[in-house]
Amino acid sequence: MSKHTLPELPYDFNALEPYIDARTMEIHHGKHHGGYVNNLNAAIEGTEMENLSLSDLLKNISKYPVAVRNNGGGHFNHSLFWTIMGKGKGGEPSGNLLDDINSSFGSFEEFKNLFSKAAATRFGSGWAWLLVNDGKLAVSSTPNQDNPLMDVTEVKGTPILGLDVWEHAYYLKYQNRRPEYIENFFNVIDWDAVAKRYEEAK
Ligand code: MN
């Protein structure tokens, strides 16, 4: 299997302004995500892990070194993160996804509150998730670069929306104001991309 590679950002660094600033996007994508990819490749080089897909590594991650958990998780999580945001997005989901958010959480507002709370109360570094588990939607959070695909994770499933709450994701613009970053994230969510992941995950 070929080496893991850093996916191109599907929009310009400044596309998510003013909610997520260009300098943060540039460093986050190039240095942080790029670092996870390089460190993942170094961690698996010359081992049987080179022959496994990223998702196969993650679903049995308890069998592999912590460097693969951290950097493989980092590579997966950021690859998802870039694609569920976009320029001029935000608003609310529609169709099946909205119907199922309403039936799972009561309303879009209640989902937003639950997701925002998961993101705000994750102590230290980690992620908040909207995921599909046995066809049902759920909200969770994970520490570090863990995610719902990993066998070590409490709430397992297929993530369809993720929010990075590591300080590197927001500190340049928001400093310690994580709740403001979380609120503004809702202005850049590409709900069509999330809905597509939802249909594939169900
Ligand atoms: Mn990050």
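Helix 1 covers residues 22–44, 23 residues in all, and spans 32 Å from its first C-alpha to its last, close to the 33 Å expected at 1.5 Å a residue. Helices here are DSSP runs of H or I with at least four residues, strands are runs of E with at least two, and both are numbered from the N terminus. The expected span is 1.5 Å times one less than the number of residues in the helix. The model is predicted: local features need pLDDT of at least 70, side-chain atom pairs count only at pLDDT 80 or more, and totals for chains, interfaces and linings use all residues. Residues are numbered from 1 along each chain as its sequence is written, and side-chain values use heavy atoms, with hydrogens and water left out.

Helix 1 bends by about 30° at His-28, the bend being the angle between axes fitted to the seven residues ending there and the seven starting there. Its buried residues include His-28, His-29, His-33, Tyr-36, Val-37 and Leu-40. Buried means under 20% relative accessible area, exposed means over 50%, and partly exposed lies in between (1.4 Å probe, protein chains only). The buried residues of helix 1 pack against helix 2 (54–59), helix 3 (66–83), strand 3 (158–164) and helix 6 (171–174). Gly-30 also lies in helix 1, but Gly-30 is partly exposed, with a relative accessible area of 35%. Just after helix 1, Gly-46 has a positive phi of about 75°. In the segment before helix 1 is Pro-18, and the peptide bond leading from Glu-17 to Pro-18 is cis, with omega near 0°.

His-33, in helix 1, has 0% relative accessibility and counts as buried. Apart from neighbours within four places in sequence, His-33 is in contact with Leu-6, Pro-7, His-28, Gly-74, His-75, His-78, Ser-79 and Trp-82. Contact means heavy atoms within 4.5 Å.

The protein donors of the manganese ion are His-28 (NE2), His-78 (NE2), Asp-164 (OD) and His-168 (NE2), at 1.9 to 2.1 Å from the ion. Donors are N, O and S atoms within 2.8 Å of the metal (3.2 Å for Na, K and Ca), and because water is not among the atoms, sites may look incomplete. Along the chain the donors of the manganese ion follow the spacing H-x49-H-x85-D-x3-H. His-78 lies in helix 3 and Asp-164 in strand 3, so this pair ties together parts that are 86 residues apart in sequence. Both His-78 and Asp-164 are buried.

Helix 3 itself has 18 residues and reaches 26 Å from its first C-alpha to its last, close to the 26 Å expected at 1.5 Å a residue. Among its buried residues are Val-68, Asn-71, Gly-74, His-75, His-78 and Trp-82. What covers the buried residues of helix 3 includes helix 1, helix 2, strand 1 (126–133), strand 3, helix 7 (178–185) and helix 8. Leu-57 of helix 2 is buried, with a relative accessible area of 0%.

Helix 4 packs against two other helices. The axes of helix 4 (residues 95–105) and helix 8 (residues 191–201) come within 9 Å and cross at roughly 80°. Axes are lines fitted to C-alpha atoms, for helices over the stretch in contact, and angles run from 0 to 180 degrees between N-to-C directions. Helix 4 and helix 8 are therefore roughly perpendicular to each other. Angles under 35 degrees count as roughly parallel, over 145 as roughly antiparallel, 65 to 115 as roughly perpendicular and the rest as oblique. Residues making this contact include Asn-96, Leu-97 and Asp-100 of helix 4 and Trp-191, Val-194 and Tyr-198 of helix 8. Helix 4 also packs with helix 5 (residues 108–121) at an angle of about 70°, their axes 8 Å apart. That makes helix 4 roughly perpendicular to helix 5.

Two loop residues other than glycine have a positive phi. Phi of Asp-134 is near 55°; Asp-134 sits in the loop between strand 1 and strand 2 (136–143) and is exposed, with a relative accessible area of 75%. Phi of Gln-175 is near 50°; Gln-175 lies in the loop between helix 6 and helix 7 and counts as partly exposed at 30% relative accessibility.
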